[in-house]
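Please look over the sequence and the model below before reading on. The briefing that follows is grouped by topic.

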Amino acid sequence: MQHYRMDPALSSELAAFGGDTLGRCFSCGNCTAVCGLSKGDTVFPRKIIRYLQVGLSDRLLESPEPWLCYYCGTCSSTCPRDAEPGELMMATRRWLVSKYDWTGLSKRLYLSEAWEVGLLAVVALFVLALFLVPGWLGASFGFSAINTSALEHVRLDLFAPTGVVHYADWALAGLLGLLLGINALRMVLFVRKGYGSLKTPASIWLGKAYEILVHGATQKRWLQCDNDARGRWLRHFLLVTGYATMFLLVIVFLPAFQREGAEFHYTAIFGYYATAVLLGVTLLAMRSRLKKDEQDHRFSHFSDWMFLVLLFMTALSGIALHAVRLLDLPWPTYILYVVHLMIAVPMLVVEVPFGKWNHLAYRPVAQYLVSVRETAQASQPAPAPVTRHAHAVAR
């Protein structure tokens, strides 16, 4: 039997992540009873709240349930003690992110506004330096590449050659993917430890891998909320398509997307779609958080606002950059190009592996782990029936 050590500091630690209503819960179980997503062996929020109350931090690390919660809000709106179970699950997810992250940066970023703003500023200055320092060293790139020709008309091929930027995009995507992948692997190892002696053959792990793609692309579990969550799901789905579209344009199709001149190219349609979605959905989310008219937006952590503001500013600066480029305004184009990257790159560096964005990986991975466990349990041989002889021997 697995033994677990109690962590008396867990409740106060959770409060620092935004879960300061833990003491109000008197374990009635109403939250689990009304939850439309709590089924079978994956019951919550009651179980997770109990782990928090008694300080079972290791059990929390082994639990995929916090990522199966989509903050439908019914648990919070019907809680007789105003313990805000939905917000406690949200705070638990922030705590888990800090534990999955081997660098320790997630914890610092969630617990310190100064750390989050400071790290964003450092990465932004690094991006600015990339357009200044090579010129000081004699390389023709960035502001040093602005010659007479580049002042007559916009010449991004001189200021930021597509080939160089494309390699830099790949390097950044690879680095962020590696950091997020390591953290996701740590999550898998933590949850797998909770399976105990359950045998999980490689065929099950491989056979259920499609779950990651399906749930990552659709987040369809959200539609199982017992209240009408179709509007919130649709906004989130559109946002994901906006991310995916912009990712493909920058990582795969940049040579076609970053073009010289003002002529129309079909890739612009996809850029317009992604920008419109990012702007529209982030504006709606900020409005909802200000009005606090939806259960999952009644409480806002600093990281929630920072994520939305960065996303909005990235889209807005991209529109401004596109406009001055079409108007053939050289200096505004070069300056806004750098400003756009000074917003977008820090947002990606901070939010993808260490912040709010990584739930796009942890949620589908959690669903995958649950499917693997359920399939493995179903494939186990049924226990042999107890015969009269064996019963007699046992007695």
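**Cysteines, rings and backbone**

Cysteine 225 has a relative accessible area of 8% and is therefore buried. The model described here is predicted.

**The disulfide**

- The torsion about their S-S bond is about -70°, so the disulfide is left-handed.
- Cysteine 72 has a relative accessible area of 9%, so cysteine 72 is buried.

**Cysteines too far from a partner**

- For cysteine 25, the closest cysteine sulfur belongs to cysteine 31. The distance is 6.2 Å, which is too far for a bond, because a disulfide needs the two sulfur atoms within 2.5 Å.
- Cysteine 25 is buried, at a relative accessible area of 17%.
- For cysteine 69, the closest cysteine sulfur is in cysteine 75, and at 6.2 Å this sulfur is also too far for a bond.
- Cysteine 69 counts as buried, with 6% relative accessibility.

**Aromatic pairs**

- Phenylalanine 159 belongs to helix α12 (residues 156–159) and tyrosine 337 to helix α20 (residues 330–354). The two are 178 residues apart in sequence, so the pair ties together separate parts of the chain.
- Phenylalanine 159 and tyrosine 337 are both buried.
- Phenylalanine 307 and tryptophan 357 form an edge-to-face pair, with 5.8 Å from centre to centre and 75° between the planes.
- This pair also links distant parts of the chain, 50 residues apart. Phenylalanine 307 is in helix α19 (residues 302–326), and tryptophan 357 is in the loop between α20 and α21 (359–379).
- Phenylalanine 307 counts as buried at 5% relative accessibility, and tryptophan 357 is buried with a relative accessible area of 11%.
- A cluster linked by ring pairs contains Phe131, Phe141, Phe143, Phe159, Trp331, Tyr334 and Tyr337.

**Charges over rings**

- Tyrosine 4 has arginine 59 over its face, 4.9 Å from the ring centre.
- Tyrosine 70 has the charged end of arginine 363 over its ring, at 4.1 Å from the centre.

**Backbone features**

- The peptide bond between phenylalanine 44 and proline 45 is cis, with omega at about 5°. Proline 45 is in the loop between α2 (30–34) and α3 (46–54).
- Glutamate 84 is a residue other than glycine with a positive phi, near 50°. Glutamate 84 lies in the loop between α6 and α7 (85–100), and is buried with a relative accessible area of 6%.
- Lysine 292, also not a glycine, has a positive phi of about 55°. Lysine 292 is located in the loop between α18 (267–291) and α19, and counts as exposed at 52% relative accessibility.

Note on methods:
Residues are numbered from 1 along each chain as its sequence is written. This is a predicted model: local features need pLDDT of at least 70, side-chain atom pairs count only at pLDDT 80 or more; totals for chains, interfaces and linings use all residues. Side-chain values use heavy atoms; hydrogens and water are left out. Buried means under 20% relative accessible area, exposed over 50%, partly exposed in between (1.4 Å probe, protein chains only). Helices (H or I, at least four residues) and strands (E, at least two) are DSSP runs, numbered from the N terminus. Rings of Phe, Tyr and Trp (its six-membered ring) pair if their centres lie within 6.5 Å; planes under 30 degrees apart count as stacked, over 60 as edge-to-face and the rest as tilted. A charge sits over a ring if NZ of Lys or CZ of Arg is within 6 Å of the ring centre and within 35 degrees of the ring normal.
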